[in-house]
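Open the model in a viewer and keep the selection panel at hand. The stops below can be followed in order.

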Amino acid sequence: MNIILPLETASRELHYKIHLCQTLSSYGFKCYLGRKAYTEYLIKNMRNYIYLDKGYHKGFSEKTYQVIKKNNGLIVSLDEEGAIDYKNNTTLLNVRYPKEMLNSVDYTFLWGKYQFNLLDENIKHKKKLYVTGHPRFTLLKQPYHHLYENEVNNIKAKFGKFVLVNTNMGKGNNIRGHKFIIDNYGKKYSDIEAIAKYNKDKVKHFISLIKEISNKLNKRIVVRPHPEEASHTYSRAFKDDKNISVIFEGLVIPWILASEVMIHADCTTAIESVFLGKKPISFIPNHNPAYVSPVPVKVSSQFDCKNKVVEYIRNMPDKADLITKDDITYLENYFSHSKNSIKAVTERLNAIRLAADFRYHSRLSFSDLFKLYLKSLKLSSDYILDRNRLSKNKLNTFNDAEVRKMCHLFNQTNTEFRKNKVTKIVEKLYLFERDNNFK
């Protein structure tokens, strides 16, 4: 059976989706992993498939769902941002998981029991909800740390001891500008102007903090802006400081592992840091609970003053002693970290496939391949001419070398994966399947 997986942000999605595709292939699935421009073509031109939706977007997802239903496809939601929310849960209830979405998709996979309990009253058919956790957090566990060894060593060789700063101010420093934020998020948030202003202020505070760390501690600092942010805001602010590097490349995990400590405001990377065994720092001056996600803050060392952050880093205790059982227990309710989420998602998808009992499965025709090739030429020219900088930022590590490298590493972890084959259809579109000719 075919399963279609869109990929939008490579630094967050690529590695776990490669592992998931390899695991699904071992169960007999044919997995199409590609950028959304290609998966949109596939859902229109295939029949009898599962579409692994990465998140609901009001005004856009409805059209996608209609096409999938028309082609006898099944929609399974596995939201990329389905755990972290503001204190009042408005994003999860009204933006990520509204009733119309829950009742439109066939199944919804949730990150934790917290989300299940929150949504339980929001859906008619309870059997459509399953707590699987999210596969990307499975790759943070100790057995997978070897995947990042080379990158960690390369980072350490280049930067030595450094402080990592992850920013997530996309609503105040967006690569597409302020108007895009108002137009794009105005329908989702009634107070988008206030949210944007709050994020703009956070940018200023973080720039001030980073300069303070550099000046007072003479520390090497690596700043990693969110893919949706205009990185030049930071590059310009730090252009005269040799201690500070603004970098956005690759997955964040090896950067966290290589760093002395990671600083954020209220970002999901704090969760990743905790699961990797490193207590992060949350810096939130002028804290407004209405615009802050409390979960990543709670498991961090919290500060509202840059001088206190500087002193903490100056006298930083042994990081290994900072992660507590209470932190992990607290996060379990939101992230189901005790689960092997890759296995849980795969087994649930396999059960869905068996229940569906589709009679035939679509294959790409020569005409489909030719049309995808033409589409790839246009997308490549857009990259060359810098017509879509946001997409280019988000997909910069989705390339053949990275896919082949990760497949090789996963093959070493699980020898069953060696029985699979990976075919590049066009740039940023791959087919993972069982190799029937494997000996």
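Select the lining of the second largest pocket: by class it has four nonpolar, seven polar and two charged residues. The model is predicted. This pocket has a volume of about 200 Å³. Of its 13 lining residues, those closest to the centre are His 19, Thr 23, Asn 340, Lys 343 and Asn 414. Now colour helix 1 (10–26) and helix 17 (341–356), each of which supplies at least two residues of the lining. Helix 17 gives the largest share, four residues.

Keep helix 1 coloured and move to the largest nonpolar core. Helix 1 provides the largest share of this core, seven residues. The core has 71 residues, and those touching the most other members are Ile 18, Ile 50, Ile 271, Phe 335, Leu 349, Val 403 and Phe 432. Centre on Ile 18: leaving out residues up to four places away in sequence, its contacts are Leu 33, Val 403, Met 406, Cys 407, Phe 410 and Phe 432. A second, separate core has 27 residues, including Leu 92, Tyr 97, Leu 364 and Leu 431.

Next, go to the loop between helix 17 and helix 18 (366–384) and select Tyr 360. Is Tyr 360 buried or partly exposed? Its relative accessible area is 44%, so Tyr 360 is partly exposed. Beyond residues up to four places away in sequence, Tyr 360 touches Arg 47 and Asn 48. Show Met 1 as well: the C-alpha atoms of Met 1 and Tyr 360 are 8.2 Å apart, although 359 residues separate them along the chain.

The last stops are salt bridges, of which the whole structure has 30. Start with Asp 266 and Lys 202, whose closest N and O atoms are 3.3 Å apart. Asp 266 sits in the loop between strand 10 (261–264) and helix 13 (269–275), while Lys 202 belongs to helix 10 (residues 192–217), 64 residues away in the chain. Asp 266 is buried at 5% relative accessible area, and Lys 202 is buried at 7%.

Stay on helix 10 for Lys 216 and Glu 212, which are four residues apart, about one turn of the helix. The closest N and O atoms of this salt bridge are 2.7 Å apart. Lys 216 is partly exposed at 47%, whereas Glu 212 is buried at 13%.

Finally, select the network of salt bridges that links Glu 8, Arg 12, Glu 13, Lys 17, Lys 54, Asp 79, Glu 80, Glu 81, Arg 96, Glu 228 and Lys 394.

Key. Residues are numbered from 1 along each chain as its sequence is written. This is a predicted model: local features need pLDDT of at least 70, side-chain atom pairs count only at pLDDT 80 or more; totals for chains, interfaces and linings use all residues. Side-chain values use heavy atoms; hydrogens and water are left out. On a 1 Å grid over the protein atoms alone, a cavity is a set of points where a 1.4 Å probe fits but cannot get out, and a pocket is an open set with protein on both sides within 12 Å along at least five of seven lines; lining residues have an atom within 4 Å of a point. Grid points are joined across faces, edges and corners, and a volume is the space filled by probe spheres set on the points. Ala, Val, Leu, Ile, Met, Phe, Trp, Tyr, Cys and Pro count as nonpolar, Asp, Glu, Lys and Arg as charged, and the others, Gly among them, as polar. A nonpolar core is a set of buried Ala, Val, Leu, Ile, Met, Phe, Trp, Tyr and Cys residues joined through side-chain atoms within 4.5 Å. Buried means under 20% relative accessible area, exposed over 50%, partly exposed in between (1.4 Å probe, protein chains only). Contact means heavy atoms within 4.5 Å. A salt bridge is a side-chain nitrogen of Lys or Arg within 4 Å of a carboxyl oxygen of Asp or Glu.
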